[in-house]
Amino acid sequence: MSALIQKLKRPLVRAAAAFTGPRMVYGWGNPDGSWCASTRVSTHTCLEGLEGLVLQDHVFVGHFNRLDGSNGLLIEEGVQVTNYVSILSHSSHRSVRVMGRRYLGDPQPVGYIRKATRVGAYSFIGPHSVVAPGAQIGKGVIVQAYSFVSGVVPDFAIVGPEAHGKPAVVLGDSRELDRALLQRHPELHALYAQWAGKDHLRRALEGHVAQGDENRSISS
């Protein structure tokens, strides 16, 4: 299906989804004119600040998510965003509390946060998670369900909450999860190395993580 037909199809499918229920739509156009034919976005995901929202190809965004591109949001190739996830580039809750009724209409609210956010290639964002404004999530990361993620998350980290309501911490390394599959399927090595890098492929196969990786933490 041509890019033009896909572009014309999206608003029609979104309108029809009000009656038929959520649907996944192939094809995504970015503000710079680039077209990502294999990116899939639900008709029931809330999209804000489209002028600052960039989705690379092979991204999956499921039902009932919120993507906020108002201050810049980059979701790199192959990222999976499951359901009920908010990925934000602004936050107003502190401003509303401290300013009260003066907040509405103020062009420069006190305490208002505007920060660009990035989710690295082939990362997975589990259900009911919140990615805070300014978060920089590395590639190959697994964010477990019900996580609150802020700051910098290192490549290949597995992050999740230590307890309900607490910020996510590094719990493991996704390369450890990938080892058995990669060892059984050598035909996939080149594809894995294409996005992860040859050194990370070697570490995944051999079980060698960089010195200090096991003690990595999320920096805010």
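Me: How many disulfides does the count come to?
Reply: The model is predicted, so local features need pLDDT of at least 70 and side-chain atom pairs count only at pLDDT 80 or more, while totals for chains, interfaces and linings use all residues. Residues are numbered from 1 along each chain as its sequence is written, and side-chain values use heavy atoms, with hydrogens and water left out. A disulfide is a pair of cysteine sulfur atoms within 2.5 Å. By this rule the count is 0.

Me: Is cysteine 36 buried or exposed?
Reply: Buried means under 20% relative accessible area, exposed over 50%, and partly exposed in between (1.4 Å probe, protein chains only). Cysteine 46, at 39% relative accessibility, therefore counts as partly exposed. Cysteine 36 has 7% relative accessibility and so counts as buried.

Me: How many helices and strands does the protein chain have?
Reply: Helices (H or I, at least four residues) and strands (E, at least two) are DSSP runs, numbered from the N terminus. On that basis, the secondary structure of the protein chain comes to 5 helices and 20 strands.
Of the 220 residues in the protein chain, 40% count as buried. The totals for helices and strands are 5 and 20.

Me: What is the bridge partner of leucine 74 in S12?
Reply: Strand S7 (residues 73–75) and strand S12 (residues 117–119) run parallel and are joined by 3 bridges. Within S12, leucine 74 has as its bridge partner arginine 118.

Me: Which residue takes a positive phi in the hairpin of S1 and S2?
Reply: Strand S1 (residues 24–29) pairs with strand S2 (residues 35–42) in the antiparallel sense over 5 bridges. The hairpin has 5 residues between the strands, and the residue with a positive phi near 95° is glycine 33.

Me: Which residues does valine 79 contact, leaving aside its neighbours within four places in sequence?
Reply: Valine 79 is found in the loop between S7 and strand S8 (80–81). At 0% relative accessibility, valine 79 counts as buried. Contact means heavy atoms within 4.5 Å. With those neighbours left aside, the contacts of valine 79 are His58, Val59, Phe60, Val119, Gly120, Ala121, Tyr122 and Ser123.

Me: Which elements give two or more residues to the lining of the largest pocket?
Reply: On a 1 Å grid over the protein atoms alone, a pocket is an open set of points where a 1.4 Å probe fits, with protein on both sides within 12 Å along at least five of seven lines, and lining residues have an atom within 4 Å of a point. The largest pocket is lined by 20 residues, with Gly78, Tyr122, Asp178, Tyr192 and Trp195 nearest its centre. The elements that give two or more residues to this lining are helix H3 (174–184) and helix H4 (189–196).

Me: What covers the buried residues of H4?
Reply: In H4, the buried residues are His189, Tyr192, Ala193, Trp195 and Ala196. Just after H4, glycine 197 takes a positive phi of about 105°. The cover over the buried residues of H4 includes H3 and helix H5 (198–206).

Note on methods: Two strands pair if DSSP finds at least two bridges between them.
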